Amino acid sequence: AYLGATWLVQSLGGRLAWTDSAILAGSLLAQFLLDNKRIETWFVWIAVNLLAIWTYGSAGLVVAALQYVVFLVTAVWGFRAWRRSMR
């Protein structure tokens, strides 16, 4: 999925194809883990969000970077809530 996404982003003229593809592949992995109710999903979402903040911030897409800051906060909150519910 990662290599296919990288090819697609590069062929469409994406400036940060490798990181944008990693965001896509990580999001797919995180969603798969979430669908299977695995707590590890939160670590993947946090990593994806951090990478997205850097990627979109460095590309000058401030609104998208800020959106991922919100997603990061909700991922941390979700992990803490999930961990509390497991106790």
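Asn 49 sits in helix α3, which runs over residues 41–58, and in this predicted model Asn 49 is buried, with a relative accessible area of 3%. Beyond its sequence neighbours up to four places away, Asn 49 touches Tyr 68, Phe 71, Leu 72 and Ala 75.

**How α3 and α4 pack**

- The axes of α3 and α4 lie 8 Å apart, and the two helices pack at an angle of about 165 degrees.
- Because angles over 145 degrees count as roughly antiparallel, α3 is roughly antiparallel to α4.
- The crossing of these two helices is left-handed.
- By class, the contact of α3 with α4 holds 18 nonpolar residues and 5 polar ones, with no charged residues.

**A look at Ala 64**

- Ala 64 belongs to helix α4, which covers residues 62–86.
- With 22% relative accessibility, Ala 64 counts as partly exposed, because the buried class is kept for values under 20%.
- Ala 64 and Ile 53 are 11 residues apart in sequence, and their C-alpha atoms are 7.7 Å apart in space.

**A backbone point to check: Lys 37**

- Lys 37 is in the loop between α2 (17–35) and α3.
- Its phi is near 55 degrees, a positive value in a residue other than glycine.
- For context, most residues other than glycine have a negative phi.
- Lys 37 counts as exposed, at 67% relative accessibility.

**The chain as a whole**

- The protein chain has 4 helices and 0 strands, and its pattern along the sequence reads α-α-α-α.
- Its C-alpha trace spans about 45 × 25 × 10 Å along the principal axes.
- Of the 87 residues in the chain, 32% count as buried.
- The chain exposes about 5800 Å², and carbon and sulfur atoms supply 70% of that area.
- Among contacts between residues at least 6 apart in sequence, 45% join residues at least 24 apart.

Technical notes
Residues numbered from 1 in each chain as written. Predicted model: local features only at pLDDT ≥ 70, side-chain atom pairs only at ≥ 80, totals over all residues. Heavy atoms only, no water. Buried < 20%, exposed > 50% of the residue type's maximum accessible area, 1.4 Å probe, protein only. Contact = heavy atoms within 4.5 Å. Areas by Shrake-Rupley, 256 points an atom, 1.4 Å probe, with all protein chains shown as cover. Axes fitted to C-alpha atoms, helices over the stretch in contact; angles between N-to-C directions. Parallel < 35°, antiparallel > 145°, perpendicular 65-115°, else oblique. Left-handed = near helix turned anticlockwise from the far one by under 90°. Nonpolar A, V, L, I, M, F, W, Y, C, P; charged D, E, K, R; others polar.
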